[in-house]
Amino acid sequence: MKKFLVIIIVLVLLGFLGQAYESASCRDRVERLKLTGAEAVKEYEKCKSF
């Protein structure tokens with residue numbers, strides 16, 4: 001039972017790390033393209049949805 005619980009916790013942590021990496025990479029993309037304002041928000045959302 002403990003192994004099952006450890007596996008679940010590891011999967012949850014990997015999910016959080018994946019989301020953090022995705023946000024950081026999309027933010028870097030927007031910065032690299034030097035977008036501002038509405039264009040930046042639009043590109044960020046497009047990146048996140050991909």
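Colleague: Which residues in α1 meet which residues in α2?

Modeller: In this predicted model, the α1 side of the contact is made by Glu22, Ser23, Cys26, Arg27, Arg29 and Val30. By class, the whole contact has five nonpolar, one polar and five charged residues. The residues they meet in α2 are Ala40, Glu43, Tyr44, Cys47 and Lys48.

Colleague: Are the axes of α1 and α2 roughly parallel, roughly antiparallel, roughly perpendicular or oblique to each other?

Modeller: Two packed helices are described by the angle between their axes and the distance between the axes. Helix α1 covers residues 2–32 and helix α2 covers residues 37–49, and their axes come within 9 Å. They cross at roughly 140°, whereas roughly antiparallel would need an angle over 145 degrees. The two helices are therefore oblique.

Colleague: Is the crossing of α1 and α2 left-handed or right-handed?

Modeller: The helices in question are residues 2–32 for α1 and residues 37–49 for α2. Their crossing is right-handed.

Colleague: How many disulfides does a search of the whole structure find, and which residues are joined?

Modeller: The search of the whole structure finds one disulfide.

Colleague: Is the disulfide of Cys26 and Cys47 left-handed or right-handed?

Modeller: Both Cys26 and Cys47 are buried. The torsion about their S-S bond is about -80°, so the disulfide is left-handed.

Colleague: Is Glu43 buried or exposed?

Modeller: Glu43 lies in helix α2 and is part of the contact with α1. Leaving aside residues up to four places away in sequence, Glu43 touches Arg29, Val30, Leu33 and Leu35. Its relative accessibility is 13%, and the cut-off is under 20%. Glu43 therefore counts as buried.

Colleague: Where is Lys34 found, and what is its phi?

Modeller: Lys34 belongs to the loop between α1 and α2. Its phi is positive, although Lys34 is a residue other than glycine. The value is near 55°.

Colleague: Is Lys34 buried or exposed?

Modeller: Lys34 sits in the loop between α1 and α2, and its relative accessible area is 72%. The cut-off for this class is over 50%. Lys34 is therefore exposed.

Terms used. Residues are numbered from 1 along each chain as its sequence is written. This is a predicted model: local features need pLDDT of at least 70, side-chain atom pairs count only at pLDDT 80 or more; totals for chains, interfaces and linings use all residues. Side-chain values use heavy atoms; hydrogens and water are left out. Axes are lines fitted to C-alpha atoms, for helices over the stretch in contact, and angles run from 0 to 180 degrees between N-to-C directions. Helices (H or I, at least four residues) and strands (E, at least two) are DSSP runs, numbered from the N terminus. Angles under 35 degrees count as roughly parallel, over 145 as roughly antiparallel, 65 to 115 as roughly perpendicular and the rest as oblique. A crossing is left-handed if the near helix is turned anticlockwise from the far one by less than a right angle, and right-handed if clockwise. Contact means heavy atoms within 4.5 Å. Ala, Val, Leu, Ile, Met, Phe, Trp, Tyr, Cys and Pro count as nonpolar, Asp, Glu, Lys and Arg as charged, and the others, Gly among them, as polar. Buried means under 20% relative accessible area, exposed over 50%, partly exposed in between (1.4 Å probe, protein chains only). A disulfide is a pair of cysteine sulfur atoms within 2.5 Å.
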